[in-house]
Every structure is written in C-alpha cells, then in structure tokens.
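Let's take a look at a protein model together. Keep the sequence and the 3D view open while you read.

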Protein chains: 2
Amino acid sequence: LFSNEEIMKMSVLQEINPNVRNMKPLEYSILAGRLSQIKEELRQGVKKPYQEVLDVYMGDPHKGGVKPLSFVRQVLAACLYPQLVNSSKLPADVRQRAQRLLGRCDGGSVGSYTATRGIPETLIRVSEFITRRDGGVPSNPENIFLSPGSQWSLSILHVLLNPESSPRNGVLSPVPCHNTTTMSVTGLGAVVVPYYLSEEQGWELQVEELHRAMESAKGVCNPIALYIVNPGNPDGHVQSRKSMQEVIRFVSERKLFLLADEVYQDYVFGENSEFVSYKRVLSEMGPPLSDTVELASFHSASKGWMGECGLRTGYMELVNLDPAVMKHIFTMFSTDTCAPVLGQIALDLMLNPPQPGEPSYPLYHMETQNIKNTLAGNGKRAVEVVNSLPGLCCQPLEGGAFAFPKVYLPPSFIQKAKEAGLEPDTFYCSRLLDEAGLLVGPGTEYGQKEGTYHIRFCILTSAEIMEEVLTRLTCFHKQFMKDFS
Amino acid sequence: LFSNEEIMKMSVLQEINPNVRNMKPLEYSILAGRLSQIKEELRQGVKKPYQEVLDVYMGDPHKGGVKPLSFVRQVLAACLYPQLVNSSKLPADVRQRAQRLLGRCDGGSVGSYTATRGIPETLIRVSEFITRRDGGVPSNPENIFLSPGSQWSLSILHVLLNPESSPRNGVLSPVPCHNTTTMSVTGLGAVVVPYYLSEEQGWELQVEELHRAMESAKGVCNPIALYIVNPGNPDGHVQSRKSMQEVIRFVSERKLFLLADEVYQDYVFGENSEFVSYKRVLSEMGPPLSDTVELASFHSASKGWMGECGLRTGYMELVNLDPAVMKHIFTMFSTDTCAPVLGQIALDLMLNPPQPGEPSYPLYHMETQNIKNTLAGNGKRAVEVVNSLPGLCCQPLEGGAFAFPKVYLPPSFIQKAKEAGLEPDTFYCSRLLDEAGLLVGPGTEYGQKEGTYHIRFCILTSAEIMEEVLTRLTCFHKQFMKDFS
Ligand SMILES: Cc1ncc(COP(=O)(O)O)c(C=O)c1O
Ligand SMILES: Cc1ncc(COP(=O)(O)O)c(C=O)c1O
C-alpha cells in the first residue's frame, strides 16, 4: 500500500497541540536522570563521599523520614481488609471509624466508585471542617469537589480558560511559584503573567506589583485569574490579613477569579504568623465583596500532619460561582469518575482527627506534636545554617514546607554552566547532587528575578535528615566558594 | 468602589470555555437525583414495592456484591500498616509481596510520591505482563504511563488535539460508546465523529462503516484518531482478529492514531471468543504497519478479577510514537505528579497474581474462578431472560461487563417522555427506578441509532443480585407492556 517512508511522513503526531509543546519540561527531569545513575553506581559499589543520596527536592514528608500517623494508617488498613481488624488489637475508635467510613462506601467496599464530587458524607465533613476553621463562615457541601490531588483540581482552569479567545486568556502567577501550576496554565493555552514577590520583604506580596503585572499584560493577554500560594511554596511566607484584603479588592476591581492554593495551611510556625483562609477574610469584608468575588480554595491530603502524598486526594471549595457555571464544572469533573476512595477517607481523617478522650488521641497528639515541633525546629535551623554560609541568604521562614535561599553564583561558574548547557542554578544543584549526594531544586524551576539564583529544599523531614542535609550543603558550598572565587 | 450590580455584571465566568459548555451532562445526573430521593424516602419508612434500590448503572463489581480478592486486600493492608501484619496471621507470600512492594516506595511508605509515570519496578512488571499476554511481543517500560484511572489516560488526547486547528480535529468514536470518552473529546474542543456498530451482527465493527464515517467528516472536521472499545462497552462484542486487521489497515491508510480501550480484556466468555490485543495483531501484521501505526492501549485496576474501581489506577501503553512527541507527553503528565500508590500496587498484583505452589494461590484461584464463572453465568442468564420478554432484545454477549438490550418503546410512551422533558429511554429507566427500585442506564447515555432505544446494566455482580435484577426488570417490563399497548 504505502512504503515505510511514506507512512512515516504521515505520522499524525508531527502536529501536536502547540500549547502542550509550549510547556517547559521540569528541570527535575535533568536531575532525576543523574539521580538514577548515581543510585545505580552506588548499588554497583562505586565509591563516593556518601553512602546514599538524600532527596529533598519535593515536599514529600515520608520520603524525608517523617513517619505516617498511626491512627490514619490503622483506619485505612481496617477499611481495606476488615477481617484483619477483627482479629487484631486495634483501638476501639479506629474500628468504629473504619466501620462508619466503610458504611458510606457502596457495597461496603473501598473498591467501589463514589459520586463524582466524592462520598456525600465526606463532603459534609469537609464543609464542617471549613466552617470550624473559618470561625463559623458557612460552607456548602455542594461547592466541594474531591479530586486525585490538589494539583488536579487546577483543571478548574480548563473551565475558565477559553482557548479561542483573542487575545489569549492570562493567569497572574507569583514568582517564585509552585512549578506545575504554571505548566498547567501554559498547557491550557493561557499566558502566565508573572508578579514578583518581594524577596527583600520576606517574599511579601505587594499590591502595587499586581497592578504592574496587570499593566504588563496589556496587548499580550486578557488576565482572568490570579493564582496565590499561601503559605508560600517555595518561599515560606505567610500572608497577613491586610495583604489578603488588598488582594481581594484588587481581584474584585480587575474582575479576576481568585485561585487560593492553601494546601500548606497547617504549616505555620513564624512567631507572629497565623493562617487565615481567603474565604474567611472575604467573608469578613462583607458585601458586596463577600457575595461577588469568585474564589477557589485548594487543600490536600498530601499535606497536613499526615502528609499522605501517595494517596492522591485533595479538595477544592468554590465560592460565589454562578449555579449555571457550577453545572458545567460538575459535568467536566464527571468524566474522571471520582477521587481515590482511600484518599477520600484519609482526607476525612485529616480534617476530623481523634478528639481528647478517644483511645487514639494520646498517640495521635504525640505524633502530630512531634512533627509540628520538628518542622518549626527544622525551619529555624535551616535559616540559621544557610545564613551562616557565605553567598547564601535565606529570608525568615514563617510557614510552608520549604526553604528557598538565594545563592550567589560567581561569573566563572555561570560561564561553566553555559558551557554545560544548563541553567546556572540547575548546574549548581547538579554538582551538589554529584559531589555531596544531596538533591535540591534549582530556583529556575520556580521562577526568580532575572540574574538571581536560588535553591529549594524541603524542611518537612525528620530532624536527623535535616541535620544531614544542612551538613552536606555546608560542606559542598564551602568548597564551592573556594573553587570559584 | 462598585455597586453590587456592577460587580455582578463583571463576573468572569459568564464566558466559560465553549468546549466545556458543549459537554453534554450525563443522563446519570438526572437519575442520580431521583435515586437519592428514593433512598431518603426508604430511610424515612415510606412504603415501596422494594426494600432497597439495586444500582447496576455502572460497571462496579463490589457495588454489585462481588467480593474483593483476599490476596489483593491483604497485601494492600500490609503495605499501609506494616505493624499490623507482623502481629497477624497473613500468608507468607502476602508478607513477602508487601515487603518487596514497600521496598520500591520512597521512604518505605505508600504515602510518598512516585515518579510521574509510576514506580519504575511496577512499570517493568506491567511491560512483562504485556509481553507474556502478547506471546512475546516486546514491551518497553518507557512507553508505559500509570494514571489515576484509565479514563484519565485519555488526556493523551490533550496532546493530540490541537485546539487551534481549522477545521477542528475529530475523533472517530463508536455508537454505542463508553460515555465519558465522548464527553472528554468534546471538552477538548474536538468533534466526535460517530461510527455505528452493527447491532444486527452482534455489534460487529464493520470497516465500511468506518469509511462512511470518514466521508461524513468531510467539511466538518479533520479526524486524527480512532477510538475503539474491545471487548465492547456497552455492547459486549469481542472483536475478531480479522476485524482488527481491517481496522489497523484503515487507521494506517487514513493516518489515524488508534486508541484501543482494552480495559475489559479479562472479561471474555463467548464460546468462540478470545481477547487479542491490538498491539499483538499489529505486531503480527509485520512491517511497515507494525513499525508505524501509532497506538495507545488502556487497561485498568478497576477491571480484571479484582475490580478495584475505588483505587483509581490504570495504565496506558504507547506504541510507535516519535521520541520527541513522547517527551511532550511526559511533560504534560508530569503536572499531575503520579497515580495513587496503592492503585499502582494493586495493578502490579493484578498483572502478577499468586502462582501455583504459593500459599495464597488456592484461595486466589477459587475466588477468581468463582467470579469468572459467575460473570459467564450472569451473561447467559441475562440474555435468556431479556430475550424472553416482549419488546426487549439482547444480542449474544461475548465479553465485557454489560448487557445492552434494545427496548421497544410504544409511541404513547414516547409522547409521555416528551411531556416529561426526558429522552424516552431515560424516562423508561426513571420509571424502572421508581417502580421497581432498579437503576440501569439509558441507551441515550451511550449513543444509539436514531429511533432505537436501549438500556444498559452491569452483569459483573453476584449471581443473587443478577437474579434479583432480572426479576425486577421482568415484573416491571411486563406491566409496562400492558400499560402501553
Ligand atoms: C502549592 C502546592 N499546591 C499543590 C500541590 C500538590 O499537592 P497534591 O499532592 O495534592 O497534588 C503542591 C505539592 O507540593 C503544592 O506545593
Ligand atoms: C471502556 C472503558 N474505559 C475506561 C473506563 C474507566 O475505567 P477507570 O475506572 O480506570 O477510569 C471504563 C469504566 O467503566 C470503561 O468502561
């Protein structure tokens, strides 16, 4: 019929979606390749100055030595294999919880699909949590969507972004920013409009900068949404109420949909810092704002004290959306059936932990207090150590799971990076990985002011691993400064 | 600043993505509303001719009374809560499996993120399974992507479909078809080009019909992919090798990407039916076809004998894709981090079940044989009973998890449906639900030839539930025929 060559030429996929083509691959893929090589070399007995790699690239507490919460794991195991539970010595409240949760699953099995937005009773539990958290501001279960990871919830953008609009739609996004969000925006054919957080002011969001970003979009795109991460990833800043009020007035004036990524809401340890949700601040500002500003807020079972990233479940709460639009959002989400059921259950447990007086409370309390204290301790320690090193400088950390210090890279090193075909900070990370067996993320991955360089590492680890991370960073960086100055 | 009204008028979301707007909501949402009302009424003690609703709308075995596989649940529970296992009486192979699988998780926890495409060793296990299944045709782990549900794998379409192309891209899709696929295609801005399966020939796919469909697209859209479900959902047909060869030649000539939804590959019970994968047939056809036809094949942990729909994990294998395109696909999938880890593990177990001689084998074998026999028995029984009823007619079932009989609806009933504002078969299903407490799907949901009507129900249930489903359907339908003729 056709020759081999003719058929090759016809390949459909020479013309892929240009928006997907525009997505910048993660810098992580460069480093991950090197990581597996090193792991393989270590397995084969190649001598290195370290016995294993420490990987603190992602915000992944269990990988970093934080132990899962016993209560959570017991209930989940009991839901999966009820027989096992009957024959064992699990606390009474674990059994009761498991029984109650299983009763909400069709056929009494976590192996059944659930309703699209999630198990109805779990949606009620989530909305009750939100109301409690926000000092009584009502939350309607109908506005809550569970999803396979809070990142996935961002597909709400697929509803908001019109691929045919001209000029293109835009989304205001912070610099630095959680990396995959900006990728998703690009993939959906919208323009990322950067607004810069002020490093010198501890990564504060300044409303004048939002105005500047908005101006910069003129003639380029039509911004329709503002994305905010609070507490910040990677920056570790926690917004003040006043700053949030300014943001709310800004989005209202500019007719922007507010996407509030609040997955780190539990991780606040700055002395004068406090997490307040955008929904609460919006409600406190009263009408007309509280009735009109359109808001999506995200949270995730990957975070909180249990840090169950592998279960892949998050929730999104939508506020002030037109009921007609809600119908379309529901229809869109219904193609994916539902979020993982064990993740839905874990989310329920995260938002409704054991209470004083219940058998599991003492252990649960101890375990979570431990993690809480460790996180705060790690944050303090990381800033201290990093700031004691020449050419490294970290703003005070108030919350979140990361440190994001600025790193000074000498011109001779930048030249070497260019020769290696890598971004300068990616090159720094790649050397750190090779020489010290420590994997951290380069600032390029998250965005940074032109001419500045950063690294990001997770601080939600065990205290021992944090110490080891800082030791390796210290050794490497001191040698690095010697070599390049 | 602004009046309430002014702000209302500015709402961003009056202009949502027109592709999302074009997605037709599931008929299910109409029936689900009624379903929860009825459940509530039953709870409040309202007298009805039934004590509880039987819901066989979805292909959800556990909901339909099929028991989870002990081996699968034991290993998963052991992975979640290793302590529990040590203190209990789980079979040795379960413990070993759990240990081995946990060893592949970062930090030894199913709560850690995995690599984007999945746990590397699990990808190898999947490719080994594929090679075994296909009689030695090689499979490369690099071409495998695990995802939160095989439905989600269809976001591969996001790479293939160019939202800016003019004319629009099209996807040839069967009628009837797995419902959410056509929704996804629409949501991505492409045109669904229907090709009709031939009901009279047991829902055979006829290649002339593909040519007709292709002609019908002229001037409307530019078809770039062909979607096939084999074994069929909802139709229960299993394709012959000959038919598959014809399809492969067709996609090659027409430069179409082949999307083979093979999630029901285990469910084949027709006497002369056999599942053969598209990849295998393609390979057997030799070059140039075997080197050039671009193929994506889907499978899912929701199916197989374990039927773990709630864990939400499937895999996609890509064949013959350009490496440059693969990179973009990887980048796109990397925004969602990874598939649920327990689902990844379940998929591993599904494709690598206990072997003869291992402690768990006898129970595993008994449980799966049981489900296998029940499915075949249910299929036979459903066709028998349905075909004994006037005005109902079901083609022989060869595979899959559903029966999709044609139902004759009298004109007077169609008139009533119009008055109720419902599709005639949705109205039929709604009456069946109300009067007999039985929830099945209307043909409208899946597509059907104009002027014909169908219902779909799951046959992967326990034998008792199947009997009860058929009894309720029989009673209702007999009365229905009396009332309307
Ligand atoms: C700001 C932010 N949002 C969302 C996510 C994704 O969380 P999930 O695991 O729920 O997808 C992360 C993960 O690190 C994050 O940092
Ligand atoms: C043909 C077909 N493909 C895909 C799926 C989705 O399976 P999953 O649960 O993996 O999303 C189904 C579910 O019923 C199906 O029938």
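What follows is a short tour of a ligand site and then of one threonine.

This is a predicted model, where local features need pLDDT of at least 70, side-chain atom pairs count only at pLDDT 80 or more, and totals for chains, interfaces and linings use all residues. Residues are numbered from 1 along each chain as its sequence is written, chains are lettered from A and ligands numbered from 1 in the order in which they are written, and side-chain values use heavy atoms, leaving out hydrogens and water.

Start with ligand 1. The residues surrounding it come from chains A and B, so the two chains share the site. There are 14 residues around ligand 1 (each with a heavy atom within 4 Å of it), and B:Tyr113 is among those that come nearest. That shell is made up of four nonpolar, seven polar and three charged residues.

On its own, ligand 1 has 400 Å² of accessible area (Shrake-Rupley method, 1.4 Å probe), and the protein covers 95% of that.

Now hop over to B:Thr182. This residue sits in helix 10 of chain B, residues 179-187 (a helix is a DSSP run, H or I, of at least four residues, numbered from the N terminus). The side chain of B:Thr182 reaches the backbone oxygen of B:Asn179 at 2.8 Å. B:Thr182 also touches B:Ser173, B:Cys177 and B:Val192 (heavy atoms within 4.5 Å), leaving aside residues up to four places away in sequence.

Note on methods:
Ala, Val, Leu, Ile, Met, Phe, Trp, Tyr, Cys and Pro count as nonpolar, Asp, Glu, Lys and Arg as charged, and the others, Gly among them, as polar. Helices (H or I, at least four residues) and strands (E, at least two) are DSSP runs, numbered from the N terminus. A polar contact is a pair of N or O atoms within 3.5 Å; within protein, one must be able to donate a hydrogen and the other to accept it, and residues adjacent in sequence count only if both atoms are side-chain atoms.
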